[in-house]
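Thank you all for making time this morning. I would like to walk through one model with you, slowly enough that anyone new to it can follow along on the screen.

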Amino acid sequence: MTQSGVAFGTSGARGLVTAMTDAVCFAYTVGYLRHLATLGEFAPGTPVAVAGDLRPSTPRILRACVAAIRYMEGEPVSCGYVPTPALCLHAFAQGYPSLMVTGSHIPADRNGIKFNRARGEFLKSDEAAMRTQDVDLPEGWFDADGTLVVPVELPELTDVVPGYVARYRAFFGPDALSGLTLGVYQHSAVGRDVLVRVVEALGGTAVPLGRAESFIPVDTEAVRPEDAALARDWTADGTLDAILTTDGDSDRPLLADAQGNWLRGDVLGILAARFLGAAAVTTPVSSNTALEKSGFARDVRRTRIGSPFVVAAMTDAAEAGITPSVGYEANGGFLLATDIQKDGRTLHALPTRDSVLPMLCALVAARQEKTSLAALVATLPPRFTLSDRLENMPTAQSLAEIEKLASHPAEGAMALGFIRTPEDLAQIDQTDGLRMTFANGEIIHLRPSGNAPELRVYVEADTQARAAELLKTGIDAVSVWKERL
């Protein structure tokens, strides 16, 4: 890990494609399986499901992972190029491990491997235990550059998509989206055709849009200006009721209303949790505080950013008997710790990020209430979040600057132009990065990305316009840190 620079981020191993050689990916997979063996979840003959996204580097990395599974005498199950939640739904139901080759939303010059246990996500405790495993590379399998030189073929395809589509048809019903015309922004998301199938299975009319041949890094937390413009253009003639899309591995949603306004993921999470009648809601500290102000959940838990932290906390809530227990992230990925019962139908737990569920919840809720998606959002308390990133900002530099700021937060916030007097700083939270709440209720949260050399800036205010001003203030201020490099 140290030599290659491929390390654990917020969701699995991530690194530059040039650093993720076949040998590195092989070693990671062997270490993963050795760890699972200590838990009784892997032994010779155990099936291990694999899938990947549409990055150019994914097929090569998949072959290296399959080689490692066979080296460990496991039975690889190839699920093809499908959404991460579709892979997990199948593997969790079968009770065997799975891994997804994906870099999620980050650029194509990077990739990653997301590991799962037999019935749930890999937690941070699993990562720590996996680091202790000793791995020897078999002689003659790799050349001096770490390229796999032994022939490896993927096994015959196991189609997991029908079960994934059926999950939503069974819960929402075949007419849940009847009468709605929904654009599906396909770009390079691995679930782009699956999303069309889901819309049509629930009675909606799907209109595919913007299919791309090369990989586009769509980040559901930091919408690109060109994607904002596309949504406005596509909805200009008034024929679309909404636009649906996802990130690269299709576990994070992005939903636009009939005017082409992309909804924030944490707003979508609140709508979904409310629609499902959640008693316990877990979400990272960066998510919109309209959740608490909405008042429908009797137990709200805030965590560090990353699905493993959300999974752990929402599972604790479920074990405490506070059900239904759900979780979501600011990127919109939605997780179920427990089954959901609604209108005589059951939606079984899926404790990993899903993109389809929250979008369907919002669309169906608006349809049932005979209102628009925008009007549904307007029923929430008026709190607005925005985020952006300072790219090419080394993580070590970000951590050093944030630590310096946290040591004298009032003085630092004044120097950055966030406040005028020390009394203007009401609270700081160091759960993940540095989150500053000001006396007027506004928030600026600074945090290094766990997946790339980027500094994330999150803001919250009472109006969309003020949030935009606050975000510009935050980005402009921390840009000074980058200039010191």
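K342 lies over the face of F275, at 4.4 Å from the ring centre, where a charge is said to sit over a ring if NZ of Lys or CZ of Arg is within 6 Å of the ring centre and within 35 degrees of the ring normal. Please keep in mind that this is a predicted model, in which local features need pLDDT of at least 70 and side-chain atom pairs count only at pLDDT 80 or more, while totals for chains, interfaces and linings use all residues. Residues are numbered from 1 along each chain as its sequence is written, and side-chain values use heavy atoms, with hydrogens and water left out.

Let me turn to the rings. How many aromatic pairs does a search of the whole structure find? There are 14 aromatic pairs, and rings of Phe, Tyr and Trp (its six-membered ring) are paired if their centres lie within 6.5 Å, with planes under 30 degrees apart counted as stacked, over 60 as edge-to-face and the rest as tilted. One of them joins F8 and Y28, whose ring centres are 5.7 Å apart and whose planes stand at 85°, so this pair is edge-to-face. The pair links distant parts of the chain, with F8 in strand β1 (residues 7-9) and Y28 in helix α1, 20 residues apart; helices (H or I, at least four residues) and strands (E, at least two) are DSSP runs, numbered from the N terminus. F8 counts as buried because its relative accessibility is 14%, and Y28 is buried as well, with a relative accessible area of 7%; buried means under 20% relative accessible area, exposed over 50%, and partly exposed in between, using a 1.4 Å probe and protein chains only.

F26 and W141 form another edge-to-face pair, 5.7 Å from centre to centre and with 65° between the planes. This pair, too, links distant parts of the chain, since F26 is in helix α1 and W141 is in the loop between α4 (124-130) and α5 (161-172), 115 residues apart. F26 is buried, at a relative accessible area of 0%, whereas W141, at 22%, is partly exposed. Ring pairs also link F8, Y28, Y32, F115 and F122 into a cluster.

Next, the sheets. Strands of a sheet pair through backbone hydrogen bonds, either parallel or antiparallel. Strand β11 (residues 280-284) pairs with β12 in the parallel sense over 5 bridges, and the bridge partner of P284 in β12 is T303.

A second open sheet, of 4 strands, has the order β8-β7-β9-β10, again with mixed pairing, and its edge strands are β8 (205-211) and β10 (253-256). Here strand β9 (residues 242-246) and β10 run antiparallel and are joined by 4 bridges, with L254 in β10 as the bridge partner of T245.

Two threonines in loops deserve a look. T46 is in the loop between α1 (22-38) and β3 (47-52), and T46 counts as buried because its relative accessibility is 16%. What does the side chain of T46 reach at 2.8 Å? That side chain reaches the backbone oxygen of A43, a polar contact being a pair of N or O atoms within 3.5 Å, of which, within protein, one must be able to donate a hydrogen and the other to accept it, and residues adjacent in sequence count only if both atoms are side-chain atoms.

T338 lies in the loop between β14 (334-336) and β15 (340-342) and, at 13% relative accessibility, counts as buried. The side chain of T338 reaches the backbone nitrogen of S325 at 3.0 Å. Leaving aside neighbours within four places in sequence, T338 is in contact (heavy atoms within 4.5 Å) with residues including T323 and P324. The peptide bond from T323 to P324 is cis, with omega near -5°.

Finally, some backbone angles. D343, in the loop between β15 and β16 (345-347), has a positive phi of about 55° although it is not a glycine, and D343 is exposed, at 64% relative accessible area.

Key:
Two strands pair if DSSP finds at least two bridges between them.
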